[in-house]
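The entries follow the order in which I checked things.

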Amino acid sequence: MSEIQIDKFNRKNFGPDFIWGVSTAAPQTEGAWNEDGKSPSIWDTFSMKKGKIFQGQNPKIACDFYHRYREDIQLIKNLGIKNFRFSLSWSRILPNGTGPINHKGLDFYKSLCDELLEHGIEPWPTLYHWDLPQVLEDKGGWTNREVLNWFEYYSETIGKHLGNRGIQNWMVLNEPMVFTGAGHFLGYHAPGRRGFSNFIPAMLHAALCTGKKKKKLRSHQSSINIGSTYSCSFITPRTNSEADLIAAKKADALLNRLFIEPACGLGFPLSDLNVLNKVEKLMRPEDEKNLKVDLDFIGVQNYTREIVESCWYVPYLKARLVNAKKRGVPHTEMEWEVYPESIYEMLKKFSRYRPEIPLLVTENGAAFKDNWDGSNELKDPLRVEYLQSHISQVLRAKNEGIDVRGYFVWTLMDNFEWAEGYRPRFGLVYLDFETQKRVIKDSGKWFSSFISENFEGVEKKIVALEN
Ligand code: FCB
């Protein structure tokens, strides 16, 4: 390990055009799960099943953002945050999946975008953040090739009705690896499907949808930027043994390369993951070229790194992740290792695919236990430290010439963290779910002052791995 000292850094080191924002998602914040014509999404139905979500919790109310978005936009404005990433709920806009529009649902997003723009905040919508309408799941959901047509219809609708409202930046999918992997292979996320027979078609269709949707959005406003977001974690083999090196290579292909490589025109990384070869049987001749997407930016989403070791009894992959808590290293409430260099390594890796495509960190953040005493303040030094050390690694990548143009904190306020329910708190703002009271944490105050013009600077050591 070597250390590079950066004396002080502040937002000025990133240049005046660097984009600073916060990220959220509809199913984690909106609530109002069955109001104004919205039909259930797979997360609404999944959470009703026994034993799926921590303490049987559900996203029915969440942060009640559907009703409180005006106050929350004011809060974002007060924090001086100029970019807000959120997602659109498909089942709010098209309760039947396709077919007639639910105008009340659409109007919500129109007002949300208008309100943001009026407050000088740039909207960054994601079309799909994991909440498929249950009616489509009943027809096979992501495993059914028809999803390409459903998606086309949905994106066409969005393009037609929201495409001309001055929204400059769009994202197609949120982390296809996570919703296909956790939702269609491991089954611990909605819709709870398992195994390769579900995962492989879902993977192919999710990869193909990115390109489809993009064209449909573009046809309504040509000057917009359309990206998509990808989860990634720096992979380290546990030892230098050949078996661990092979395990790490497979984990990298699965967790980091599986979706970005086809999008960049390289196809699925099957040579390092031959267990997925069956996808070739499902592919039609035109699919090969349709996997490639002409992205205007790549959203990189990073939280941690993974240590990987070989494991003979894990079917097919023969590899497993070594849990951070068990390793005794600093970790978050999600038991994810705090390892800031990972974000630098991932920006570097993703910049090599298509160096001409800018990168944006569209999610990074941490869940730590917050002890709220009922007052209007909350000290969360670990989250402040996490953000500082990760932002300094983004600066390191930028200083090395990587074209990274923005950074979005996950997340604005504590919300519904999928299968983990409301336990992990990632927010810059604390949410008391009983009363819906919002309390700005110290991390929120810190981020707000950091991105303001007159912030003095933060001292940070950047620990770099020797290459
Ligand atoms: C990402 C998801 C986001 C949030 C964070 C913690 O994988 O995109 O919705 O849950 O993890």
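I take buried to mean under 20% relative accessible area, exposed to mean over 50%, and partly exposed to mean anything in between, with a 1.4 Å probe and protein chains only. Before reading anything off, I noted that this is a predicted model, in which local features need pLDDT of at least 70 and side-chain atom pairs count only at pLDDT 80 or more, while totals for chains, interfaces and linings use all residues. Residues are numbered from 1 along each chain as its sequence is written, and side-chain values use heavy atoms, with hydrogens and water left out.

**Entry: T29**

I began with T29, which is placed in helix α1 (residues 26–29); helices (H or I, at least four residues) and strands (E, at least two) are DSSP runs numbered from the N terminus. Is T29 buried or exposed? With a relative accessible area of 2%, T29 is buried. I then listed its contacts, counting heavy atoms within 4.5 Å: leaving aside neighbours within four places in sequence, T29 touches T24, I61, A62, C63, D64, F65 and N415. I also looked up T29 and L412, which lie 383 residues apart in sequence but 9.8 Å apart in space, C-alpha to C-alpha.

I looked at strand β2 (residues 19–23) in detail: 4 of its 5 residues are buried, so β2 is largely enclosed by the rest of the structure. On one pairing, 5 bridges join β2 to β12 in parallel, and W20 stands opposite Y407 in β12. On another, β2 and β3 pair in the parallel sense over 3 bridges, with V22 opposite F84 in β3.

How do the axes of α15 and helix α16 (residues 381–399) cross? They come within 8 Å and cross at roughly 30°, so α15 and α16 are roughly parallel to each other, the cut-offs being under 35 degrees for roughly parallel, over 145 for roughly antiparallel, 65 to 115 for roughly perpendicular, and oblique for the rest. At this contact, E341, I343, Y344 and L347 in α15 meet H390, Q393, V394, R396 and A397 in α16.

For the second pair, helix α3 (residues 65–78) and helix α5 (residues 103–118) pack at about 10° with their axes 10 Å apart, and α3 and α5 are therefore roughly parallel to each other. In this contact, F65, Y66, Y69, R70 and I73 in α3 meet K104, F108, S111, L112, E115 and L116 in α5.

**Entry: backbone exceptions**

Most residues other than glycine have a negative phi, and most peptide bonds are trans. I therefore checked where the backbone departs from this.

W130, in the loop between β4 (122–128) and α6 (134–137), has a positive phi of about 80° although it is not a glycine, and at 5% relative accessibility W130 counts as buried. W418, in the loop between β12 and β13, has a positive phi of about 50° and is likewise not a glycine; its relative accessibility is 4%, so W418 counts as buried.

The peptide bond from A190 to P191 is cis, with omega near 5°, and P191 is found in the loop between α8 (176–184) and α9 (196–218). A cis peptide bond also joins W410 and T411, with omega about 20°, and T411 lies in the loop between β12 (404–410) and β13 (429–432).

Note on methods:
Axes fitted to C-alpha atoms, helices over the stretch in contact; angles between N-to-C directions. Pairing = 2+ DSSP bridges.
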